[in-house]
Amino acid sequence: MRPGADSAVTHSGKALILAYDHGLEHGPVDFEDVPASADPETVFDVATHDAVTGFGVQKGLAEAYYPSYENDVTLLAKVNGTSNMWMGEPDSAVNWSVESAADLGAEAIGFTFYGGSNNEVEMAEEFRDAQEAARDRDMGVVMWSYPRGQGLKDDTGGSTIAYASRLGFELGADITKVKYPGSADAMQWACDVAGDTKVVMSGGSKTSDREFLETVETAMSAGASGLAVGRNVFQRENPTELLDALEQVIFEDETADEALGV
Ligand code: FBP
């Protein structure tokens, strides 16, 4: 069994990771619908929900807020990231050393990997360094595996997403986060080729409760181990209600209808 198979950011083998690195990746535009979500305290509070297995943030937010939440939140240190103002070929700066993240109390690292980018080689080498440093400290390793770049025409097609999940396996992630490839069959193939790594679905832009829960239900039935979600939670007026429903679909094998009380 792989060293990190039972990752720090899973419960009963499943994951519900709350990602909140959007202030860096997309900018404050992601907070406009629910302005309170710009305040990290609001979202740290959401991350204390029982169903949340890990909270993915960048260094600045972690240093400022995590010490007040260390008993209630499992810290997933998102160690690289780039702003939306970067106009070059997809790349992600390593903003946080694994050593510093571990010192702060992180139990896992998150790392964006853009397979297919002209920067893939350097990113793979950076991932190797981070993955090995995490292994040395018994930290979990979560790869945000997002193939993209000038040569890639379809970054959510079935074969691309299967390649994305396989890259996580090949390079040594414990959990690989991929975009939903649009169908149960494609999601199942992405899970089938990922060896003993766990594949989780990325949340994407905000949709209705029903649409989102149904997609999560489909992904789970296809073999996914959970979800890593941001906007579909923190862009809601009542994120806790959706987390309650996600808990039922992800951890209690309920359908979207059951979770919605239909
Ligand atoms: P969402 O569920 O809001 O899409 O969050 C997941 C995530 O991977 C974030 O961690 C990251 O900030 C964002 O999506 C990146 O999205 P994109 O690569 O599409 O810009």
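## Helices H6 and H7

In this predicted model, helix H6 passes helix H7 in a right-handed crossing. The axes of H6, which covers residues 158–171, and of H7, which covers residues 184–192, come within 8 Å and cross at roughly 25°. Because angles under 35 degrees count as roughly parallel, H6 is roughly parallel to H7.

On the side of H6, the contact is made by Gly-158, Ile-161, Ala-162 and Ser-165, while H7 contributes Ala-186, Trp-189, Ala-190 and Cys-191. By class, the residues of this contact between H6 and H7 divide into 6 nonpolar and 2 polar, with no charged residue.

## Helices H8 and H10

Helix H8 (residues 209–221) packs with helix H10 (residues 239–251) at an angle of about 25°, and their axes are 10 Å apart. That angle makes H8 roughly parallel to H10, and H8 passes H10 in a right-handed crossing.

Asp-209, Leu-213, Val-216, Glu-217 and Met-220 are the residues of H8 that meet Leu-242, Ala-245, Leu-246, Val-249 and Ile-250 in H10. The residues of this contact between H8 and H10 comprise 8 nonpolar and 2 charged, with no polar residue.

## Around the ligand

The ligand is surrounded by 14 residues, of which the closest are Ala-19, Glu-25, Gly-203, Gly-230 and Arg-231. Two helices, H1 (22–25) and H9 (231–234), each supply at least two residues of the shell around the ligand. Sorted by class, this shell has 4 nonpolar, 7 polar and 3 charged residues.

Notes:
Residues are numbered from 1 along each chain as its sequence is written. This is a predicted model: local features need pLDDT of at least 70, side-chain atom pairs count only at pLDDT 80 or more; totals for chains, interfaces and linings use all residues. Axes are lines fitted to C-alpha atoms, for helices over the stretch in contact, and angles run from 0 to 180 degrees between N-to-C directions. Helices (H or I, at least four residues) and strands (E, at least two) are DSSP runs, numbered from the N terminus. Angles under 35 degrees count as roughly parallel, over 145 as roughly antiparallel, 65 to 115 as roughly perpendicular and the rest as oblique. A crossing is left-handed if the near helix is turned anticlockwise from the far one by less than a right angle, and right-handed if clockwise. Two residues are in contact if their C-beta atoms, placed from the backbone, lie within 7 Å. Ala, Val, Leu, Ile, Met, Phe, Trp, Tyr, Cys and Pro count as nonpolar, Asp, Glu, Lys and Arg as charged, and the others, Gly among them, as polar. A residue is near a molecule or strand if its C-beta atom, placed from the backbone, lies within 6 Å of it.
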